[in-house]
Amino acid sequence: MSESTTAQGHGDAGAHGSEPHASNKTYVLIAVVLGVITAVEVMVFYIEALHPVLVPILVSLSATKFALVVSFFMHLKYDGKILRGLFIGPLAVAAAIILGMMALFGVFTG
Amino acid sequence: MSHDATMEHHTATGVPHRKLLMWTFIGSECMLFGSLITAYLVYRGRSVTGPYPEELLNIPFITVTTFVLLMSSLCMVLALSAVQRDSRGGSRLWLLMTALLGLVFLGGQFYEFSHFVHEGLGLSQNLFSATFFLLTGTHGAHVAIGVTWLLSLLGLELRGKLGSEHAEIVEVAGLYWHFVDVVWIVLFTVIYLLVGV
């Protein structure tokens, strides 16, 4: 049996500096939270009074869901710095390009 | 101990090669989807002919397919857990469930695209249609590849070739699947929930 793959399982420390992964109970809890956040997002969408602050609310909720999936389901919370860097680096560049291009095209100024 | 496992313990980075490769690929995919999201956002609201997104996007329907994709991610981690525990029944069940939920999502996307075309929103009808179909179509192609990958893993399991010693290949497939999920988390907000902003 591959020791490195077994180490991805429950209770064992990773062979490459990773911590033990979450339990199935935690995964189910995360999925429930993701479902609830999605429901809240849609509720916010339909509440007229919240429309002036719709963007920050929805972006925050979406970012929370994103972080939960990446941290727990993709195990990045438990993995080493190399893998975090491989993901967060390009993600930051992509986000900077999106925001930069939106600014250049006048999306923020209308 | 397998040859692969021995090699993984002696990689220069200390990270298994397959996993390192998948995370590198996911990094490049961030850039790909970043460019497509950029195109969608900078052309948003600049269509000069209809149909316009406000007239077509069906939020309740997409909320259901979004929920389906989120739950497929749960099934995927449970599949990995089952493979790691050498639970053959669990491995089959959760791999099958993940693939099925992926297929349900694809079915929903096919329905949505068909409805849009029926309503006169062809691929090159306006700036919204061009950027929308390119972005969501690219994501859908990723889901289709993921479903094919999952079904191939299920095939291995059914032939008794997916034990805990192969958990790493399931983990790598899972990384891909979860990435497809996080991309949709972003698209759901950017395309659908922020449609009127």
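I take a residue as buried if 20 or more other C-beta atoms lie within 10 Å of its own. The model I am reading is predicted.

I began with His75(A), which sits in the loop between H3 and H4 of chain A. Its phi is positive, about 65°, although His75(A) is not a glycine. Is His75(A) buried or exposed? I found 23 C-beta neighbours inside 10 Å, so His75(A) counts as buried.

Asp86(B), another residue other than glycine, has a positive phi near 60°. I located Asp86(B) in the loop between helix H4 (59–84) and helix H5 (88–118) of chain B. Because 14 other C-beta atoms lie within 10 Å, I logged Asp86(B) as partly exposed.

I also checked the peptide bonds. The one from Gly50(B) to Pro51(B) is cis, with omega near 0°. Pro51(B) belongs to the loop between H2 and helix H3 (53–56) of chain B. I noted these sites since most residues other than glycine have a negative phi, and most peptide bonds are trans.

**Entry: chain B overall**

I went through the elements of chain B and listed seven helices and zero strands. The C-alpha trace of chain B spans about 65 × 35 × 25 Å along its principal axes. Of the 197 residues in chain B, 43% are buried. For contacts in chain B with a separation of 6 or more, I read that 83% join residues 24 or more positions apart.

**Entry: H2 against H6 in chain B**

I picked helix H2 (residues 17–42) and helix H6 (residues 127–158) of chain B, which pack with their axes 9 Å apart and at an angle of about 155°. Angles over 145 degrees count as roughly antiparallel, and H2(B) and H6(B) are therefore roughly antiparallel to each other. Their crossing is left-handed. On the H2(B) side I listed Leu36(B), Ile37(B), Ala39(B) and Tyr40(B) as making the contact, and on the H6(B) side Thr131(B), Phe132(B), Leu134(B), Leu135(B) and Thr138(B). Sorted by class, the contact has seven nonpolar, two polar and no charged residues.

**Entry: chain A against chain B**

I looked up the interface last. In it, 48 residues of chain A are in contact with 50 residues of chain B. Helices H1 (3–6), H2 (24–46), H3 (54–73) and H4 (81–104) of chain A each supply at least two residues of the side that touches chain B. Which helix gives the largest share of that side? I found that H4(A) does, with 13 residues. By class, the side of chain A that touches chain B has 31 nonpolar, 14 polar and three charged residues.

Conventions. Residues numbered from 1 in each chain as written. Chains lettered and ligands numbered in written order. Predicted model: local features only at pLDDT ≥ 70, side-chain atom pairs only at ≥ 80, totals over all residues. Axes fitted to C-alpha atoms, helices over the stretch in contact; angles between N-to-C directions. Helix = DSSP H or I, 4+ residues; strand = E, 2+ residues; numbered from the N terminus. Parallel < 35°, antiparallel > 145°, perpendicular 65-115°, else oblique. Left-handed = near helix turned anticlockwise from the far one by under 90°. Contact = placed C-beta atoms within 7 Å. Nonpolar A, V, L, I, M, F, W, Y, C, P; charged D, E, K, R; others polar. Buried ≥ 20, exposed ≤ 12 C-beta atoms within 10 Å, placed from the backbone.
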